[in-house]
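The report below is meant for someone meeting this structure for the first time. Please look over the sequence and the model before reading on.

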Amino acid sequence: MATTQAQRASLFNTLAEMMGQQDAETLVEQLPPTGWDTMATKDDVRVLGATITAALTEGLAQAAKERAELQATMATGLAEGLAEAAKERAEIVKTMADGFAEAAKERAEIIKTMADAAKERAEIVKSQARSLYVTVSTVVLAAVSIWIALLVGPGAS
């Protein structure tokens, strides 16, 4: 049962008559402001400590569980990201290899075309050389025939 203010005042007055004003004040100040039933006992503190410890333990366990889940999620995300990057890298390498192969094929075709053109040019030069040979041979033969005709001709003796 809680002590009322009137009861505290009556106790203080009685103590002041018996012990003096200062001692009565000292003693009344040591009384709790409310009843003893509202004061915490050692058992109350132990129960509260156990409750706080249990709550902290549960909170730490939950935090550890969430940290493990986060680490697993991050590891999974990292692995997926690395796999995707490797896949994209492989696609880029394949595209580049295909491009290089196509460029090599086109280069080979250009070289073949140039070789064919050189062959055709050689054939043209060869044909022109034959024509020139025939023309020069004809001119030389005509010139020789003219000289022979001039030397052996009717008035040449």
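## A nonpolar surface patch

Leu132 counts as exposed because its relative accessibility is 53%, where exposed means over 50% relative accessible area, buried under 20% and partly exposed in between, with a 1.4 Å probe and protein chains only. Leu132 is found in helix α3, helices being DSSP runs of H or I with at least four residues, numbered from the N terminus.

Leu132 also belongs to a nonpolar patch on the surface, which it forms with Val136, Val140, Val144, Ile146, Trp147, Ile148, Leu150, Leu151 and Val152, and which has about 1,000 Å² of accessible area altogether. Such patches are made of residues with over 30% relative accessible area and no salt bridge, nonpolar side chains (Val, Leu, Ile, Met, Phe, Trp, Tyr) being joined within 5 Å and like charges within 9 Å; the areas come from the Shrake-Rupley method with a 1.4 Å probe, and for residues only the protein chains shown count as cover.

## How the model is read

This is a predicted model, in which local features need pLDDT of at least 70 and side-chain atom pairs count only at pLDDT 80 or more, while totals for chains, interfaces and linings use all residues. Residues are numbered from 1 along each chain as its sequence is written, and side-chain values use heavy atoms, with hydrogens and water left out.

## Salt bridges

A salt bridge is a side-chain nitrogen of Lys or Arg within 4 Å of a carboxyl oxygen of Asp or Glu, and by this rule the count comes to three. In one of them Arg46 pairs with Asp43, their closest N and O atoms being 2.6 Å apart; the two are three residues apart in helix α3 (residues 42–152), and so are separated by about one helical turn. Arg46 is exposed, at a relative accessible area of 55%.

Asp98 and Lys94 meet through their side chains in a salt bridge of 2.9 Å, N to O, and they lie four residues apart in helix α3. Asp98 is partly exposed at 41% relative accessibility, whereas Lys94 is exposed at 52%. Lys112 and Asp116 form a salt bridge with an N to O distance of 3.4 Å, and, being four residues apart in helix α3, they are separated by about one helical turn.

## Packing of α1 and α2

Helix α1 (residues 5–19) packs against helix α2 (residues 21–29) at an angle of about 140°, with the axes 7 Å apart; axes are lines fitted to C-alpha atoms, for helices over the stretch in contact, and angles run from 0 to 180 degrees between N-to-C directions. The two helices, α1 and α2, are therefore oblique to each other, since angles under 35 degrees count as roughly parallel, over 145 as roughly antiparallel, 65 to 115 as roughly perpendicular and the rest as oblique.
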